[in-house]
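Biologist: Can you walk me through this one? I'm new to reading structures.
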Amino acid sequence: MIAFVSGPVAALAPDSAVVEVGGIGIAVQCTPNTLSGLRMGRPAKLATSLVVREDSLTLYGFVDDDERQVFELLQTASGVGPRLAQAMLAVHTPDALRRAVATADEKALIAVPGIGKKGAQKLLLELKDRLGAPVGAPAVGAPVTQGWRDQLHAALIGLGYATREADEAVTAVAPQAEAADGTPQVGQLLKAALQTLNRAR
């Protein structure tokens, strides 16, 4: 198993990064939150999980071992593959998922693309004794919804866009974020922002 990759960031895309390890570019699938912390040419270390299929080998990258462990635990639930597990971590932090499961918060799980009401109920039952209790205390102060601006802006800068372009893209998708029911999904906002930037070029 490849437990982690470490090296300079050679390329960034909306859903992945390439890390140079020993002269070889390793492609790693990442959430927008993970990508927002990466910079082209700068060293990075990502905890990883290798998913083996008959026709593919896919490496998923995470900011730390806790996020990777939750990614792997989520896949022990029936119907949850790596893509859905990653989508859950794109919307919620590991602790937010633990709190959602501990408090049977269906709405938190339904906020993840690909999970409906019945699916959320099933996941709450299956994951109840697997994820454990939240590691940290809930954040106090600014609501979570304010964090999407910083995450999105950092992700766009990391992809090589100028500060002005990132500012304009964040402003352009603000109505979509504010219209979201609950916490805005940074992954979807990043795609919308990239579409806006592509149209402007």
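Modeller: Start with a term: two strands pair if DSSP finds at least two bridges between them. Keep in mind that this is a predicted model.

Biologist: OK, which residue in β5 is the bridge partner of Leu-50?
Modeller: Leu-59 is the bridge partner of Leu-50.

Biologist: How many bridges join β4 to β5?
Modeller: Seven. β4 covers residues 43–53, and the two strands run antiparallel. They form a hairpin, with two residues between them.

Biologist: New topic. How is the chain divided into domains?
Modeller: Domain 1 is 4–62, domain 2 is 65–128 and domain 3 is 148–200.

Biologist: How far apart are the C-alpha centres of domain 2 and domain 3?
Modeller: Those centres lie 24 Å apart.

Biologist: Now the inside. Which residues touch the most other members of the largest nonpolar core?
Modeller: That core has 24 residues. Leu-74, Met-88, Leu-97, Leu-109, Ile-115 and Leu-123 touch the most other members.

Biologist: Which elements each supply at least two residues of this core?
Modeller: β5, α2, α3, α4 and α6 do. α3 gives the most, with five residues.

Biologist: Where does this core lie relative to domain 1 and domain 2?
Modeller: Between them, because both domains give residues to this core.

Biologist: Back to Leu-97. What is it in contact with, leaving aside neighbours within four places in sequence?
Modeller: Leu-97 is in contact with Val-70, Leu-74, Met-88, Leu-89, His-92, Leu-109 and Leu-131.

Biologist: And what other core lies apart from the largest one?
Modeller: One of 18 residues. Among them are Leu-152, Ala-155, Val-170 and Val-173.

Note on methods
Residues are numbered from 1 along each chain as its sequence is written. This is a predicted model: local features need pLDDT of at least 70, side-chain atom pairs count only at pLDDT 80 or more; totals for chains, interfaces and linings use all residues. Side-chain values use heavy atoms; hydrogens and water are left out. A nonpolar core is a set of buried Ala, Val, Leu, Ile, Met, Phe, Trp, Tyr and Cys residues joined through side-chain atoms within 4.5 Å. Buried means under 20% relative accessible area, exposed over 50%, partly exposed in between (1.4 Å probe, protein chains only). Helices (H or I, at least four residues) and strands (E, at least two) are DSSP runs, numbered from the N terminus. Domain bounds come from an automatic or database domain assignment. Contact means heavy atoms within 4.5 Å.
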